[in-house]
Amino acid sequence: MEETYLLNVEGVKKKILHGGQGELPKLQDGSKITFHFQTLKDDFERTVIDDSRKAGIPMEIIVGKMFKLEIWETLLSSMRAGEVAEFWCDAIHTGMYALVSRGMRRIAEGRDPLEGQKHRCGMGNMFDYHSTGYDDLDELQRTPQPLIFVMELFRVEEPSAYKRDTWAMSKEEKLAAVPMLHSEGNRLVLCKEFGQAAEKYQEAVICLRNLQAKEKPWEDGWLKLESLVTPLVLNYCQCQLELGEYYEVLEHTTELLQKHNADNAKAYFKRAKAHAAVWNEREAREDFLRVAHLDPSMAAAVKKELKQLGERMRKKHMEDRKRYQGLFQPPQGL
């Protein structure tokens, strides 16, 4: 039997379509809510605007992470696991729905939800851009109106109960995650799981880059974070060398050296090995010699690499000579 009542929020009515189980969830910052939703117009036809089931993937939001449609957290906090409920929300709560829907649709289409937007808040973008790219959403944006949300709550997970994406972490959580990811990457390297190790190093770098974005470039805070990024990038490059991704190594090591690590012998060494692997003999020799100059303790390793490079290049030249020799010899019998 359907039950209709008012929440303790102005302009919201709730109707339970299917009862849930257990207690009401205790939401806290960082809790992850997983649910399906359907958005309808409050008209005679109950016109469907969005339906997450058509995309085949449930919706997820993180509590306290400034989801633009704040009323959804309130609605979901009134539901139990497994419950299906219908909420009528007045226009005072639905004014941002067009922008939220635009982002969700772009994600479902495999596009960047921020594509074409300036670096301003969502409300500012409403005035910068007269169209969302979707006619029905443009109508909602021009004339905000009451909407109906039909929601099915699957689960609420505490912050410690699931692997959190980098964007959902606080500054302190990101800083704490970096050494753990670094250590896990090192462990995977010892197990020769280079692909998985590279992912761990990359995730740690993303955490630090996100933190750097909030610092002023080249100031103390930014430089301190950059000092943590460098060894992670070098470890990542070592994994890529093992995986044969030589051009990626060239890209990342060159970026490091051009920034402010012009005297980083390890970066030159890894770049030299990548150059050697793709037959860039001159560049490889230059980088190897620079390594020996910057760090005399690596001279023995450089000598070994140069010897191997010379042998590989001689062998390649001999093979090329034989190949081209056969090209220009006339066929027998002519």
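Reader: How many helices and strands does the chain have?

Author: Please keep in mind that this is a predicted model. Buried residues make up 40% of the 334 residues in the chain, and, of the contacts between residues at least 6 apart in sequence, 68% join residues at least 24 apart. As for the elements themselves, the chain has 13 helices and seven strands.

Reader: Are helix α7 and helix α9 roughly parallel or roughly perpendicular to each other?

Author: Helix α7 covers residues 171-190 and helix α9 covers residues 220-243, and their axes come within 11 Å and cross at roughly 20°. Angles under 35 degrees count as roughly parallel. The two helices α7 and α9 are therefore roughly parallel.

Reader: Which residues of α9 make the contact with α7, and how many charged residues does that contact have?

Author: The crossing of α7 and α9 is left-handed. On the α7 side the contact is made by Leu 175, Val 178, His 182, Asn 186 and Val 189, and on the α9 side by Leu 225, Leu 232, Asn 235 and Cys 239. Sorted by class, the contact of α7 with α9 has six nonpolar residues, three polar ones and, for charged residues, none.

Reader: How many charged residues are there in the contact of α9 with α11?

Author: Helix α11 (residues 265-277) packs with α9 at an angle of about 20°, the axes being 11 Å apart, and α9 passes α11 in a left-handed crossing. From α9 the contact takes in Leu 234, Cys 237, Gln 238 and Leu 241, while from α11 it takes in Lys 266, Ala 267, Lys 270, Lys 273 and Ala 274. By class, the residues of this contact of α9 with α11 divide into five nonpolar, one polar and, for the charged ones, three.

Reader: How many residues apart in sequence are the parts that Glu 86 and Arg 46 tie together?

Author: Side chains of opposite charge can pair when their charged atoms come close. The structure holds 17 salt bridges, and in one of them the side chains of Glu 86 and Arg 46 meet at 2.9 Å, N to O. Glu 86 lies in strand β6 (residues 84-89) and Arg 46 in the loop between β3 (32-41) and β4 (48-51), so the pair ties together parts whose separation in sequence is 40 residues.

Reader: Is Glu 86 buried or exposed?

Author: Arg 46, the partner of Glu 86 in the salt bridge, counts as partly exposed at 36% relative accessibility. Glu 86 has a relative accessible area of 13%, and a residue with a value under 20% is called buried. Glu 86 is therefore buried.

Reader: Which helices are tied together by the salt bridge of Glu 226 and Arg 209?

Author: The side chains of Glu 226 and Arg 209 meet in a salt bridge of 2.7 Å, N to O. The pair ties together parts that are 17 residues apart in sequence, because Arg 209 lies in helix α8 (residues 194-212) and Glu 226 in helix α9. In accessibility, Arg 209 counts as partly exposed at 27%, whereas Glu 226 counts as buried at 0%. The helices tied together are α8 and α9.

Reader: About how many helical turns separate Arg 187 and Glu 184?

Author: Arg 187 forms a salt bridge with Glu 184, with 2.7 Å between the closest N and O atoms. Arg 187 is partly exposed at 41% relative accessibility, and Glu 184 is partly exposed too, with a relative accessible area of 27%. Both lie in helix α7, three residues apart, so the separation is about one helical turn.

Reader: What is the separation between the C-alpha atoms of Val 156 and Ile 33?

Author: Val 156 is placed in strand β7 (residues 147-157) and is partly exposed, with a relative accessible area of 23%. Not counting residues up to four places away in sequence, Val 156 touches Pro 25, Leu 27, Ser 31, Lys 32 and Ile 33. Although Val 156 and Ile 33 are 123 residues apart along the chain, the separation of their C-alpha atoms is 4.6 Å.

Definitions and conventions:
Residues are numbered from 1 along each chain as its sequence is written. This is a predicted model: local features need pLDDT of at least 70, side-chain atom pairs count only at pLDDT 80 or more; totals for chains, interfaces and linings use all residues. Side-chain values use heavy atoms; hydrogens and water are left out. Axes are lines fitted to C-alpha atoms, for helices over the stretch in contact, and angles run from 0 to 180 degrees between N-to-C directions. Helices (H or I, at least four residues) and strands (E, at least two) are DSSP runs, numbered from the N terminus. Angles under 35 degrees count as roughly parallel, over 145 as roughly antiparallel, 65 to 115 as roughly perpendicular and the rest as oblique. A crossing is left-handed if the near helix is turned anticlockwise from the far one by less than a right angle, and right-handed if clockwise. Contact means heavy atoms within 4.5 Å. Ala, Val, Leu, Ile, Met, Phe, Trp, Tyr, Cys and Pro count as nonpolar, Asp, Glu, Lys and Arg as charged, and the others, Gly among them, as polar. A salt bridge is a side-chain nitrogen of Lys or Arg within 4 Å of a carboxyl oxygen of Asp or Glu. Buried means under 20% relative accessible area, exposed over 50%, partly exposed in between (1.4 Å probe, protein chains only).
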